[in-house]
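Work through the following exercises with the sequence and the coordinates at hand, and try each task before reading its solution.

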Amino acid sequence: MSTRSVFPELEQLLPRVSKPVQYVGGELNSTTKDWEATEVRWALMYPDAYEVGLPNQGLMILYEILNEREDVLAERTYSVWPDLEALMREHGVPQFTVDAHRPVGDFDLLGVSFATELGYTNLLTALDLARIPLRADARTEEHPVVVGGGHAAFNPEPIADFLDAVVLGDGEEAVLEITDITRDWKREGSPGGRDELLLRLAETGGVYVPRFYDVEYHADGRIRRVAPNRDRVPFRVFKRTTMDLDQWPYPKQPLVPLAESVHERMSVEIFRGCTRGCRFCQAGMITRPVRERSVEGIGEMVRAGLERTGFEEVGLLSLSSADHSEIAEITKGLADRYEGTNTGLSLPSTRVDAFNVDLANELARNGRRSGLTFAPEGGSERIRRVINKMVSEEDLIRTVTTAYANGWRQVKLYFMCGLPTETDEDVLQIARMAKEVVRAGREASGRRDIRCTISIGGFVPKPHTPFQWAAQCAPEVVDGRLRRLRAEVGGDRSLGRSIGMRYHDGRPSHIEGLLSRGDRRLGPVVERVWRDGGRFDGWSEHFSYQRWVDACATELASTPVDLDWYTTREREEHEVLPWDHLDSGLEKEWLWADWQDALDEREQDDCRWTPCFDCGVCPTMGTDIEIGPTGRTLLPIASVGTGSPVRNPAFSPPDRAGVAPGAASDDGGPA
Amino acid sequence: MRKVRLRYAKRERLRFMSHRDVARAFERALRRGGVPMAYSQGFSPHPRVSWVGAAPTGAASEAEYVEVQLAERVPAAVLRSELNRALPAGLDILDAVEAGPGVLAHRIDVSLWVIELPGVSPLALASAAASLWAEDRAEVERLTKNGRVLMDVRPALLGLSAGQAGWGVPIVSPLTMGDARDDGLPGGAGRPVAAEVPPGHDHGAAQGGAVVSDDRVDDRRRGAPPCGILAAVVRQATPTVRPDDVLGALRVVAGLEPPVPAKATRMAQGTLDDDGCIVDPLAADRTVANEATGPTPVEADGRFDASSRDIACAGAESTPTPGR
């Protein structure tokens, strides 16, 4: 199929929309290729606004891996805002890629990465604008194969109607295998049509094709069984795991957008997976085992990335960055290397641990010590045992006291509300903790202008976690607890003044909960919401709770289930869950035992430091923990450029002895 | 501490960048290029970059100005070529001169805009421009932070001319010359005005007054869709009159409604000299730099581009203005 750029038509619309630069492409390190010179063509989509989607590491990695293949072309597409959507419909401009502005409908494959369930309606907008039939079974060889991925794809059932295929887990190797299968099928002249291609993908066992499975229900609405409806299709589909991260140093050339994005920094993934075992955390459960990138691998990615991007900040990314076995060496090595170059380093996810304050001090040694973030997640020690977040009150106070004493002015604390077994008392404890933090902080720092911000999210039970059986807390209950918490914080005027509180009402979480543990009967609900105007459900200014409630009432009327059945109902041990045939490696028996431990307020250790507790992942997936310490070090680089992390010989006369002016300023801490 | 003044272009699809976008891309290019930047002191040091105005989002430009402070002396030509390697294509450094005395912003108070209006017949455009020129006031509505405000566009308009795409010459009168001071430098003061236009433009000239000459605005390229071209010399006031405001004034005064969005390009900025020519704001720095060091390698190579030079003329030798 040939194609063309729709940019001339699009260009006429851009002066009429907000932030037009997000649609023009031209990112540094982006790739455009000759369409005719390639055999397999992927459009990769992040179903949210460009400013959110562009920095997404997953999409960036796949984009680069695919484009490194000579005969493969990959371009990116993002959700367009409603202002442009309306103009595109009016002027007949289809969903386009930002690289070469080619119509998405012309590609062989459309890969969509779902970080959250609230992107589902945006998938439908993109399909519709691309003139791809919404329902997978209405598509022909003329249409791209729509492949879903990302964390939300571990239960893709609510959007099973709209996806041709789903990949669970790491995408690096999976996209290449799908590419190879697609290429072979095309070369053979597309035998057996679209069905045959999907069968070839399904029979690998690593690609889920929802339409090859039938779901049967009990009269009361529970699932009776899920089974393949044809030969060559396995009963269970396994997740993909990329081992040895040093073999996959992507992105090598991170994309740098022209437009502003939500993460104005470069990210280097220092390890993947987490076995801390927080019971609410789907990411930690589905990405096991822990696989570390080596110190040298990290150093090289930081160096190359800074040269190729010009970013001022590098985030050392992972689910719990301070847990890297050589994190002290990494942070010190990088801080030494980039001293004087105005390059910031950050650890986005840290635990409540005084050690983390040391790391943060190291990273901020030349800069301002503005804010540190910790995530105790639960207000009381009891609820923290339930969720397996092992932090004592004493640890927390000691940690924040150290932080304030070291010159940090603001501490941010993350919590959740609506956790299983939670009572009002557990939530009110958050206020007491925040006050104690401020009191201790004032004493340790000797100043009154320190702040503590508490940020509270609604808990959503997720598939493949021990809480997959739990009843979700009703939004009214969450809202009531947050109101009482607010009053409790404001109750003490002196301390309350130093405490900020951020939270959302419980209703978006209620819908997220519906979609995260939903099944195929929600397909019509998603479509109804979209037809009624649902777009950008992750954005509070676009989200309409009522639209979802109404769509559930309409579309589920003929079924025995409803919104509450999916959300606030506790499941029984042997109920068939909609994602039971999708194998994350976790044994269902282990998850159930861990759920029972949660109810008994019993904690579970981390298998990196204690014996294996048989979650099941390693034996099922044939994987193993990959951690250091390796004992290796970052190769020191004698000096880097003045005022820049890049050394350009054009600016470096041989006799120059450079100390960057303005670089080694004071550390911002009080004396 | 060294200061270098740069003229840069914002072209093609990159015209949709906002000024914040440009500033961010520029600062990243400085880092990627390993430019020895000077940083501000304090808690969060920033590279010392001073912007002089900014073309609005959606408008292209061949004449934007920025000043950078370096931690050490770097030849302006090297800075220009290294920065161009690091910048995305479409943000292009056209000129780099070591700063002499004086404040750059004081040398900029008018802009020459060239606005392409696909689908608008040159004749209709010329007649609308003449109507606007004849008015004393032309109020347009502008949406600001504080709601809608009325702004009179007319006082800021110093020159207006209409023409047609596809021409290599201006519509009304031959390109004018500025004053005849010739300092012997390529592109020094006294070069022809606005003689070059960016890719995609065939024509550009600033004329005093709106002038129509029927015999030269008929469609010489038979079969080509009409595309009117408007050149406007605008004084920079507060609030700034933007190309959109000029088009708004044409709508208000003459009911001109372009069928598709117009494409505006700033061709020159500077001060008006006594002859009504736009003086290159970097000319003074260039003179000082050349006195100090002789011509820079770039100039010796002859690798200047004519469009980057110097003065656009808004009035000299122009045909008498109807109605004025």
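**Exercise 1.** Into which domains is chain B divided?

*Solution.* Chain B is divided into domain 1 (2-99) and domain 2 (107-281 + 308-313), with bounds that come from an automatic or database domain assignment. This is a predicted model, in which local features need pLDDT of at least 70 and side-chain atom pairs count only at pLDDT 80 or more, while totals for chains, interfaces and linings use all residues. Residues are numbered from 1 along each chain as its sequence is written, and chains are lettered from A and ligands numbered from 1 in the order in which they are written.

**Exercise 2.** Describe the contact between these two domains, beginning with the residues that each contributes.

*Solution.* Domain 1 of chain B brings 14 residues to the contact and domain 2 of chain B brings 12, where contact requires C-beta atoms, placed from the backbone, to lie within 7 Å. On the domain 1 side, strand 3 (60-70) and strand 4 (91-98) of chain B each supply at least two residues, strands being DSSP runs (E, at least two residues) and helices likewise (H or I, at least four), numbered from the N terminus. Strand 3 of chain B gives the most to this side, with 5 residues.

**Exercise 3.** Which residues of helix 11 (residues 354-363) of chain A are buried, and what covers them?

*Solution.* The buried residues (20 or more other C-beta atoms within 10 Å of their own, these atoms being placed from the backbone) are Asn356(A), Val357(A), Leu359(A), Ala360(A), Asn361(A) and Leu363(A). Their cover includes helix 10 (327-337), strand 13 (344-346), strand 14 (371-377) and helix 13 (393-405) of chain A.

Note on methods
A residue is buried if 20 or more other C-beta atoms lie within 10 Å of its own, exposed if 12 or fewer, and partly exposed in between; C-beta atoms are placed from the backbone.
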